[in-house]
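Q: Please take a close look at one part of the model shown here. Then describe how the rest of the chain compares with it in setting.

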Amino acid sequence: MSRTLLFYTLPKRLTVSPSFTPLHRHPRTTNTNTNTIRTATRLLCSKMSTHTDSSSPSPLIHSITIASQLNQPVHLVAAPGLSDTEFRCAIESTLFKQWLNNLQSENGILANGDMLLKQVLIQGVDMFGKRLGFLKFKADIFDKETGKKVPGIVFARGPAVAVLILLDAEGETYAVLTEQVRVPTGRVVLELPAGMLDDDKGDFVGTAVREVEEEIGIHLNLENIIDLTALLDPSTGSRVFPSPGGCDEEISLFLYKGSVDKEIITQLQGKETGLRDHGELIKVRVVPYCKLWHMTPDAKVLTAIALYEMANREGLLPKKI
């Protein structure tokens, strides 16, 4: 394996540049293009609230029709306390349109006509500046045969990326991780560098590289990133769902493997990084790869290890890594 050259590009930021051939990725079956999403739903009518009583305003309601059930409109309803602006932002967001598109995809819930979507209650939105970050809603989807409603509480946050970084130094392979405060778990978690897609362009590799630079402080060349999830069967959409029972998040997992001097491992250990003005309090942790699988509860880490080991065993990775 060729040695990796590292050089400082910015104070405390390292550039890692190995030489190996990236793996060609399978075409994805999931299309995040907003034009495709738009064609999946067609506006039928709009009925916004009128205040008949100042003390009890009627709810905001919007109706749409979707291709898989043209004769059954879907009612979109705003929960009490949700403003008109928040409601419109939610139902016009890429997050919500992509969810509707997924319902009608080849493997979608509504694809075979056995299920019926009647109503969606928009319960809350979280804005990241001017961009919608998180969306919470409840979907009323019924089994036509039994008439029973299936569980439909959704926390929508959209696609994300994570990178398994493996660095060889003096005969040992190390994994580069982040240690972060994760309020939802109530714990500090050791995990892969990861982040949400910031736009609708579907730039998964670019997002992966940017997140590594922000969270670890090193820059990875785009051509040296291997998409591990691209090795999954195309029917999966070539992404993984960490919590499909309540969240729409789908993650692309990437691999980077290089060779460095042991001094670099020492420099990375305990390094404080992250966008501090955004509240990111991150420390870099470097651990021997052979011990990684039992050192963290992070699903991204464990899934990446499984994909890497299976791909390596099946000979699906470039020989030069």
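A: Val188 sits in strand β12 (residues 187–191); strands are DSSP E runs of at least two residues, helices H or I runs of at least four, numbered from the N terminus. The model is predicted, with local features needing pLDDT of at least 70 and side-chain atom pairs 80 or more, while totals for chains, interfaces and linings use all residues. Numbering starts from 1 along each chain as its sequence is written, and side-chain values use heavy atoms, without hydrogens and water.

Val188 counts as exposed because its relative accessibility is 51% (exposed is over 50%, buried under 20%, partly exposed in between; 1.4 Å probe, protein chains only). Across the protein chain, buried residues make up 45% of the 321 residues, and the secondary structure comes to seven helices and 18 strands.

The largest nonpolar core has 28 residues; among those touching the most other members are Phe96, Trp99 and Leu117. A core joins buried Ala, Val, Leu, Ile, Met, Phe, Trp, Tyr and Cys through side-chain atoms within 4.5 Å. Elements that each supply at least two of its residues include α2, α3, β6 and β7. Leaving aside residues up to four places away in sequence, Phe96 touches Leu76, Ala90, Ile91, Val120, Ile122, Leu135 and Phe137 (contact: heavy atoms within 4.5 Å).

Ala90 and Ile91, together with Phe87, are buried in helix α2 (residues 84–91). The cover over the buried residues of α2 includes β4 (61–66), β5 (74–78), α3 (94–103), β6 (115–128) and β7 (131–143).
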